[in-house]
Amino acid sequence: MNLNLEYHRSPIRYITARTATGTIATGRAAGWWAANMSPVRLVNRPEPRLPGPGWTRVKPLLSGICGSDLGLLTGRNSPYLSAMISLPFTPGHEVVGETLDALPDLPKGSRVVLDPVLGCRPRAVEICPGCAADQHSRCDHITSGLVSAGLQTGFCADTGGGWSRMFVAHGSQLHKVPDELDDERAVLVEPLACAVHSVRRVPIPDGASVLVVGAGTVGLFTTLALREYTKAGPIYVIARYGHQRERAREMGATEVLSSDRAARALRRATGGFLARPEQGAEFLLGGTDIAFDCTSGSGLDTALRVVRAGGTVLLSGMPNSSVDLTPAWFRELNIVGAYASGGNDFPDAMALARSAPLTGYVDAVYPLSRWRDAIGHASSSGRLGTIKVAFDPTKDQ
């Protein structure tokens, strides 16, 4: 039998959660809601079957809890995604694990990290244009083929996910972990790959001024990727908590700003005029060349208001809140999305995980049996001084 945390759709809880979390937002109340009212259950199920050739069973060693997982559990994720999942599924797509079956290029017992997107190759279907271009994050076939609908492992009923003792993955999704990379760094490779992908989604001219809104895992890794893989000029990071400010500087931030003073600080740094509307937040006529929203949507309003006319706003987090798009129209902004990874993003992220200052980033690890504590902790991670919370499914308690 396979112990796993299983997600079941509950329309009543979804509607209630969207209403409640929209009011309680963050902090202890949001953490309590995510841990106690989300529609997940700790259950024993039969081991998942191998869908076909080229697949292996994987034993998770560590599996992270990310912002999209929390958005799912608190009802903040958009219902748009409901067409691309199959139920019930086991969450968990940030995974370092051990293979339990031999594959041609991957011996049994190999330590691997998971590229979670379930594109054409795992599904054994005709290759779509996105996958043909080595950008499987744009796959058109994520609801067909060998396994049930699911944009990623962790959202697919047939594959299972990392919040379990075992799931299945296709060999094309797995990247061997070098011996010198420990599990705590390896589990960060997937979010690192997403950050690398996001900075490659837009041209960043040499010396361009860049704003990163948010200093959780996504924002910190985006700051790191900007410094490692671009020739950006000043990088400004908006951080809410003290430990995030310190980490942002370690990752290469030029200046770290508080959210309530960001517009004024950027006016001084980049020039321009500070405008104050009758309602809503102040904004800049001027500002940075590019802004990355790394807050799962809540910082998009800020990003739109502090980018110069003709500039670019990149959505690196999953949007989960409404926003006034007037600046995009009036200032002729370019809005670009960045989802998952592709191309060489994973190998580059693996190399980055070996060299970057990531010690202590995974600073809270829980067994599956303490899932309420884990989800509550992750929901309040900023307030509690934590960067990444993870499950260790190999532990009993």
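Which residue just after H9 takes a positive phi? That is Gly252, at about 115°. A few friendly notes follow.

1. The model is predicted, so to speak of local features pLDDT must be at least 70, side-chain atom pairs count only at pLDDT 80 or more, and totals for chains, interfaces and linings use all residues. Residues are numbered from 1 along each chain as its sequence is written, and side-chain values use heavy atoms, leaving out hydrogens and water.

2. Helix H9 spans residues 242-250 (helices are DSSP runs, H or I, of at least four residues, and strands, E, of at least two, numbered from the N terminus). Its buried residues are Gln244, Arg247 and Ala248 (buried is under 20% relative accessible area, exposed over 50%, partly exposed in between, with a 1.4 Å probe and protein chains only). Seen down the axis of H9, they fall within an arc of 105°, so they line one face (the arc is that of the directions from the helix axis to the C-beta atoms). Glu246 and Arg249 are exposed on the face turned away.

3. The buried residues of H9 pack against helices H8 (217-229) and H15 (381-384) and strands E9 (235-238) and E10 (255-257) (contact means heavy atoms within 4.5 Å).

4. The whole structure holds 15 salt bridges (a side-chain nitrogen of Lys or Arg within 4 Å of a carboxyl oxygen of Asp or Glu). One of them joins Arg200 and Asp348 at 2.6 Å, N to O. This pair links helix H7 (residues 189-200) to helix H13 (residues 345-355), 148 residues apart.

5. Within helix H11 (residues 300-305), Arg305 and Asp301 lie four residues apart, about one turn, and their side chains form a salt bridge of 2.9 Å. Arg305 is buried at 11% relative accessibility, whereas Asp301 is partly exposed at 23%.
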